[in-house]
Amino acid sequence: MKRFIYALLAFGLYGYGACAQTVIKENEQQQFFNTVPKGNYSGIVPIGDDRYAVVSDKSPEDGFFIFHIDIDPVTGVIRSITNEGFRSSHYRNRDMEGITYIPKKKQILICGEADNNIYSYDLTTGKRSEKPWPKAPEFRYLYGNYGLESLTYNEKTDRVWTCNENKNNMVYLRSYTSDGQLDTCYEYHLDPAASKGYPIIYAHGVSELCALDDGRLLVLEREFFVPSTKVGSWVECKLFVTDFKTKRLVTSWKTDLTFTKYDIANYEGMCIARRLRNGNYILLLCSDSQDQYGGVLKDWFKTFIIKPS
(Lines give C-alpha, C1' and ligand atoms only; values in the text may rest on other atoms or scores of the structure.)
Protein backbone atom coordinates (compact mmCIF):
# COMPACT_ATOMS: atom_id res chain seq x y z
CA MET A 1 0.00 0.00 0.00
CA LYS A 2 1.28 3.41 -0.93
CA ARG A 3 1.47 5.92 1.90
CA PHE A 4 1.06 9.64 1.57
CA ILE A 5 3.00 11.73 4.06
CA TYR A 6 2.60 15.42 4.58
CA ALA A 7 5.20 17.08 6.74
CA LEU A 8 6.22 20.74 6.62
CA LEU A 9 9.45 21.71 8.35
CA ALA A 10 10.39 25.40 8.37
CA PHE A 11 13.56 26.95 9.73
CA GLY A 12 16.03 29.71 8.90
CA LEU A 13 19.14 28.85 6.92
CA TYR A 14 21.89 31.44 6.86
CA GLY A 15 20.87 33.77 4.01
CA TYR A 16 18.28 31.47 2.46
CA GLY A 17 15.34 32.43 4.69
CA ALA A 18 12.59 29.99 5.65
CA CYS A 19 13.27 26.67 3.95
CA ALA A 20 11.84 23.18 4.22
CA GLN A 21 11.65 19.77 2.58
CA THR A 22 8.11 18.43 2.23
CA VAL A 23 7.52 14.76 1.47
CA ILE A 24 4.60 14.76 -0.95
CA LYS A 25 4.59 11.05 -1.60
CA GLU A 26 6.37 7.94 -0.36
CA ASN A 27 6.24 4.89 -2.58
CA GLU A 28 6.30 1.39 -1.18
CA GLN A 29 9.65 -0.35 -1.51
CA GLN A 30 9.81 -2.63 -4.51
CA GLN A 31 11.48 -5.94 -5.13
CA PHE A 32 14.58 -5.78 -7.27
CA PHE A 33 14.01 -6.84 -10.86
CA ASN A 34 15.37 -10.18 -12.09
CA THR A 35 17.47 -8.37 -14.69
CA VAL A 36 19.72 -7.07 -11.90
CA PRO A 37 22.01 -9.51 -10.07
CA LYS A 38 21.77 -9.92 -6.32
CA GLY A 39 24.28 -7.69 -4.59
CA ASN A 40 25.45 -5.52 -1.74
CA TYR A 41 24.40 -2.21 -3.24
CA SER A 42 25.65 0.64 -1.11
CA GLY A 43 25.67 3.74 -3.34
CA ILE A 44 23.90 5.11 -6.41
CA VAL A 45 24.20 8.25 -8.58
CA PRO A 46 22.53 9.38 -11.85
CA ILE A 47 24.82 9.82 -14.86
CA GLY A 48 22.18 10.94 -17.40
CA ASP A 49 19.60 9.37 -19.73
CA ASP A 50 18.00 7.37 -16.87
CA ARG A 51 21.28 5.59 -16.23
CA TYR A 52 22.92 5.24 -12.83
CA ALA A 53 26.33 4.24 -11.55
CA VAL A 54 25.97 1.84 -8.62
CA VAL A 55 28.53 0.38 -6.21
CA SER A 56 28.38 -2.94 -4.39
CA ASP A 57 30.64 -3.23 -1.37
CA LYS A 58 31.28 -6.92 -2.12
CA SER A 59 31.68 -6.80 -5.91
CA PRO A 60 34.48 -8.99 -7.36
CA GLU A 61 36.69 -5.98 -8.10
CA ASP A 62 36.90 -2.26 -7.44
CA GLY A 63 34.51 -0.55 -9.84
CA PHE A 64 30.86 0.17 -10.50
CA PHE A 65 27.76 -1.15 -12.25
CA ILE A 66 25.66 0.79 -14.74
CA PHE A 67 21.90 0.37 -14.31
CA HIS A 68 19.18 1.78 -16.53
CA ILE A 69 16.27 2.68 -14.24
CA ASP A 70 12.96 3.77 -15.73
CA ILE A 71 11.02 5.86 -13.19
CA ASP A 72 7.55 7.25 -13.80
CA PRO A 73 7.99 11.06 -13.64
CA VAL A 74 4.50 11.58 -12.19
CA THR A 75 4.19 8.86 -9.55
CA GLY A 76 7.89 8.19 -8.93
CA VAL A 77 7.24 4.45 -9.24
CA ILE A 78 10.11 2.40 -10.69
CA ARG A 79 8.91 0.70 -13.89
CA SER A 80 11.99 -1.31 -14.81
CA ILE A 81 15.67 -1.79 -13.98
CA THR A 82 18.24 -3.19 -16.39
CA ASN A 83 21.87 -4.03 -15.67
CA GLU A 84 24.20 -2.70 -18.38
CA GLY A 85 27.31 -4.30 -16.91
CA PHE A 86 30.21 -3.76 -14.52
CA ARG A 87 33.13 -1.40 -15.17
CA SER A 88 36.19 -2.60 -13.31
CA SER A 89 39.27 -0.62 -12.33
CA HIS A 90 41.11 -3.98 -12.07
CA TYR A 91 42.02 -3.29 -8.46
CA ARG A 92 40.82 -5.25 -5.44
CA ASN A 93 37.48 -4.47 -3.88
CA ARG A 94 38.02 -2.04 -0.99
CA ASP A 95 34.52 -2.14 0.52
CA MET A 96 33.11 0.57 -1.74
CA GLU A 97 30.35 2.42 0.06
CA GLY A 98 29.69 5.79 -1.58
CA ILE A 99 29.61 6.97 -5.18
CA THR A 100 28.97 10.27 -6.93
CA TYR A 101 29.47 11.85 -10.35
CA ILE A 102 30.95 15.16 -11.53
CA PRO A 103 29.34 15.78 -14.97
CA LYS A 104 31.68 18.55 -16.14
CA LYS A 105 34.60 16.09 -15.80
CA LYS A 106 32.67 12.91 -16.68
CA GLN A 107 34.28 11.60 -13.55
CA ILE A 108 33.02 9.04 -11.05
CA LEU A 109 34.16 9.25 -7.41
CA ILE A 110 34.02 6.27 -5.05
CA CYS A 111 34.93 6.07 -1.37
CA GLY A 112 36.00 2.83 0.25
CA GLU A 113 35.56 1.85 3.87
CA ALA A 114 38.52 -0.54 3.92
CA ASP A 115 41.06 2.21 3.12
CA ASN A 116 38.97 5.35 3.82
CA ASN A 117 40.11 6.82 0.51
CA ILE A 118 38.31 8.60 -2.31
CA TYR A 119 39.46 7.77 -5.85
CA SER A 120 38.28 9.11 -9.20
CA TYR A 121 37.28 6.83 -12.09
CA ASP A 122 36.76 7.29 -15.78
CA LEU A 123 33.06 6.92 -16.52
CA THR A 124 33.61 5.06 -19.80
CA THR A 125 36.48 2.71 -19.00
CA GLY A 126 36.34 2.42 -15.21
CA LYS A 127 40.06 3.27 -14.99
CA ARG A 128 41.02 4.53 -11.52
CA SER A 129 43.29 7.46 -10.65
CA GLU A 130 46.72 6.55 -9.35
CA LYS A 131 46.42 8.67 -6.23
CA PRO A 132 43.46 9.19 -3.89
CA TRP A 133 42.07 12.56 -2.90
CA PRO A 134 43.68 14.14 0.21
CA LYS A 135 42.56 12.43 3.39
CA ALA A 136 41.02 14.80 5.91
CA PRO A 137 42.52 14.77 9.44
CA GLU A 138 39.26 13.62 11.00
CA PHE A 139 39.26 10.50 8.80
CA ARG A 140 42.78 9.29 9.55
CA TYR A 141 41.85 6.99 12.42
CA LEU A 142 38.51 5.49 11.47
CA TYR A 143 38.04 1.81 12.22
CA GLY A 144 36.09 -1.28 11.14
CA ASN A 145 32.74 -0.77 9.49
CA TYR A 146 32.44 2.83 10.64
CA GLY A 147 34.70 4.46 8.07
CA LEU A 148 33.86 6.53 4.98
CA GLU A 149 30.30 5.67 4.06
CA SER A 150 28.87 8.34 1.78
CA LEU A 151 29.56 10.57 -1.23
CA THR A 152 27.49 13.24 -2.94
CA TYR A 153 28.09 16.13 -5.36
CA ASN A 154 25.96 19.13 -6.28
CA GLU A 155 26.54 21.05 -9.51
CA LYS A 156 25.18 24.38 -8.24
CA THR A 157 27.41 24.50 -5.17
CA ASP A 158 30.23 22.65 -6.98
CA ARG A 159 31.05 20.77 -3.80
CA VAL A 160 31.62 17.10 -2.99
CA TRP A 161 30.56 15.86 0.45
CA THR A 162 31.56 12.73 2.33
CA CYS A 163 31.31 11.51 5.92
CA ASN A 164 32.22 8.71 8.26
CA GLU A 165 29.42 6.37 9.36
CA ASN A 166 29.86 6.81 13.10
CA LYS A 167 32.59 7.60 15.61
CA ASN A 168 31.27 7.64 19.19
CA ASN A 169 27.94 8.98 17.87
CA MET A 170 29.78 11.74 16.01
CA VAL A 171 29.76 12.12 12.24
CA TYR A 172 32.04 14.51 10.36
CA LEU A 173 30.50 16.10 7.29
CA ARG A 174 33.48 16.96 5.09
CA SER A 175 33.35 18.91 1.83
CA TYR A 176 35.84 19.08 -1.02
CA THR A 177 36.07 21.32 -4.04
CA SER A 178 35.33 19.50 -7.29
CA ASP A 179 39.06 19.35 -8.04
CA GLY A 180 39.75 17.43 -4.85
CA GLN A 181 40.89 20.12 -2.43
CA LEU A 182 39.85 20.00 1.24
CA ASP A 183 37.15 22.56 2.01
CA THR A 184 34.99 22.67 5.16
CA CYS A 185 34.07 20.25 7.94
CA TYR A 186 31.10 20.19 10.32
CA GLU A 187 30.21 17.99 13.26
CA TYR A 188 26.90 16.14 13.07
CA HIS A 189 25.32 14.39 16.05
CA LEU A 190 23.35 11.17 15.58
CA ASP A 191 19.99 10.59 17.20
CA PRO A 192 20.21 8.26 20.22
CA ALA A 193 20.14 4.55 19.37
CA ALA A 194 16.80 2.80 19.82
CA SER A 195 18.10 -0.75 20.16
CA LYS A 196 17.86 -2.81 23.33
CA GLY A 197 19.31 -6.25 23.88
CA TYR A 198 22.37 -8.00 22.49
CA PRO A 199 22.48 -8.21 18.69
CA ILE A 200 24.82 -10.43 16.70
CA ILE A 201 24.89 -7.84 13.89
CA TYR A 202 24.44 -4.15 14.52
CA ALA A 203 25.06 -0.89 12.68
CA HIS A 204 24.13 2.63 13.68
CA GLY A 205 25.19 5.71 11.79
CA VAL A 206 24.85 7.76 8.63
CA SER A 207 24.51 5.51 5.61
CA GLU A 208 24.18 8.22 2.93
CA LEU A 209 24.17 11.93 2.09
CA CYS A 210 22.53 13.94 -0.66
CA ALA A 211 23.66 17.51 -1.43
CA LEU A 212 20.91 20.04 -2.19
CA ASP A 213 21.05 23.08 -4.46
CA ASP A 214 20.80 25.55 -1.56
CA GLY A 215 23.88 24.16 0.19
CA ARG A 216 22.16 21.94 2.73
CA LEU A 217 22.41 18.17 3.00
CA LEU A 218 19.90 15.38 3.28
CA VAL A 219 21.28 12.91 5.83
CA LEU A 220 20.10 9.31 6.08
CA GLU A 221 20.56 7.87 9.56
CA ARG A 222 20.19 4.09 9.72
CA GLU A 223 20.03 1.68 12.66
CA PHE A 224 20.23 -2.05 11.83
CA PHE A 225 19.58 -4.65 14.56
CA VAL A 226 19.88 -8.43 14.14
CA PRO A 227 19.27 -10.72 17.18
CA SER A 228 20.64 -14.25 17.42
CA THR A 229 17.27 -15.67 16.32
CA LYS A 230 17.37 -13.54 13.11
CA VAL A 231 13.57 -13.30 13.38
CA GLY A 232 12.85 -9.95 14.99
CA SER A 233 15.56 -8.14 13.02
CA TRP A 234 14.74 -4.57 12.05
CA VAL A 235 16.09 -1.50 10.28
CA GLU A 236 14.97 2.00 11.18
CA CYS A 237 15.74 4.85 8.77
CA LYS A 238 15.46 8.56 9.53
CA LEU A 239 15.87 11.15 6.81
CA PHE A 240 17.01 14.56 8.04
CA VAL A 241 17.86 17.86 6.38
CA THR A 242 20.69 19.83 7.96
CA ASP A 243 21.99 23.37 7.57
CA PHE A 244 25.06 22.38 9.67
CA LYS A 245 23.65 24.23 12.68
CA THR A 246 20.46 22.25 13.17
CA LYS A 247 18.86 19.13 11.73
CA ARG A 248 15.17 18.57 11.09
CA LEU A 249 13.37 15.30 10.45
CA VAL A 250 11.89 14.97 6.96
CA THR A 251 10.47 11.44 7.33
CA SER A 252 11.23 8.06 8.89
CA TRP A 253 10.31 4.44 8.28
CA LYS A 254 11.00 1.02 9.74
CA THR A 255 11.20 -2.42 8.15
CA ASP A 256 11.51 -5.73 9.94
CA LEU A 257 11.75 -9.48 9.68
CA THR A 258 9.03 -11.58 11.31
CA PHE A 259 7.52 -15.00 10.63
CA THR A 260 5.04 -13.42 8.23
CA LYS A 261 6.82 -10.27 7.03
CA TYR A 262 10.04 -10.12 4.99
CA ASP A 263 10.36 -6.50 3.96
CA ILE A 264 13.50 -5.73 5.98
CA ALA A 265 15.70 -3.35 3.99
CA ASN A 266 19.10 -1.91 4.87
CA TYR A 267 19.09 1.31 2.83
CA GLU A 268 22.61 2.49 2.03
CA GLY A 269 22.39 4.35 -1.29
CA MET A 270 20.50 7.59 -2.00
CA CYS A 271 20.40 10.18 -4.77
CA ILE A 272 18.15 12.68 -6.51
CA ALA A 273 16.95 10.65 -9.47
CA ARG A 274 15.11 13.38 -11.31
CA ARG A 275 14.09 17.02 -10.91
CA LEU A 276 10.52 17.65 -12.03
CA ARG A 277 9.18 20.66 -13.92
CA ASN A 278 7.20 21.88 -10.91
CA GLY A 279 10.39 22.09 -8.83
CA ASN A 280 9.85 18.85 -6.93
CA TYR A 281 12.35 16.03 -7.12
CA ILE A 282 12.34 12.24 -6.94
CA LEU A 283 14.60 10.79 -4.26
CA LEU A 284 15.79 7.25 -5.00
CA LEU A 285 17.19 4.81 -2.43
CA CYS A 286 18.71 1.35 -2.79
CA SER A 287 19.35 -1.30 -0.14
CA ASP A 288 22.11 -3.77 0.64
CA SER A 289 20.69 -7.30 0.69
CA GLN A 290 23.99 -9.03 1.52
CA ASP A 291 23.60 -10.96 -1.75
CA GLN A 292 19.97 -11.72 -0.81
CA TYR A 293 21.17 -13.39 2.38
CA GLY A 294 19.50 -16.67 3.23
CA GLY A 295 17.06 -16.25 0.37
CA VAL A 296 15.14 -13.87 2.61
CA LEU A 297 16.68 -10.43 2.09
CA LYS A 298 15.90 -8.65 -1.18
CA ASP A 299 17.47 -5.82 -3.16
CA TRP A 300 14.81 -3.24 -2.40
CA PHE A 301 14.54 0.14 -4.07
CA LYS A 302 12.42 3.00 -2.72
CA THR A 303 11.35 6.41 -3.97
CA PHE A 304 9.95 9.62 -2.52
CA ILE A 305 8.63 12.71 -4.22
CA ILE A 306 9.86 15.73 -2.28
CA LYS A 307 8.96 19.40 -2.58
CA PRO A 308 11.58 21.96 -1.54
CA SER A 309 9.88 25.05 -0.13
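**The largest cavity**

Reply: The lining of the largest cavity has six charged, two nonpolar and one polar residue (nonpolar is Ala, Val, Leu, Ile, Met, Phe, Trp, Tyr, Cys and Pro; charged is Asp, Glu, Lys and Arg; polar is the others, Gly among them). Its residues are Asp191, Pro192, Ala193, His204, Glu221, Arg222, Glu223, Glu236 and Lys238. A cavity here is a set of points on a 1 Å grid over the protein atoms alone where a 1.4 Å probe fits but cannot get out, and lining residues have an atom within 4 Å of a point.

The volume is about 70 Å³, counted as the space filled by probe spheres set on the points, which are joined across faces, edges and corners. Three cavities of 30 Å³ or more turn up in the structure.

Strands β16 (217-226) and β17 (234-242) each supply at least two lining residues, and β16 gives the most, with three (strands are DSSP runs of E, at least two residues, numbered from the N terminus).

Now the ground rules. This is a predicted model, where local features need pLDDT of at least 70 and side-chain atom pairs count only at pLDDT 80 or more, while totals for chains, interfaces and linings use all residues. Residues are numbered from 1 along each chain as its sequence is written, and side-chain values use heavy atoms, with hydrogens and water left out.

Mean pLDDT (the predictor's confidence in each residue, from 0 to 100) is 90, and 93% of residues reach 70 or more.

As for cysteines, there are zero disulfides (pairs of cysteine sulfur atoms within 2.5 Å). For Cys163, the nearest cysteine sulfur is that of Cys111, 8.2 Å away.

Definitions and conventions. 1 Å grid on protein atoms, 1.4 Å probe; cavity = no way out; pocket = protein on both sides within 12 Å on 5 of 7 lines; lining within 4 Å. Helix = DSSP H or I, 4+ residues; strand = E, 2+ residues; numbered from the N terminus.
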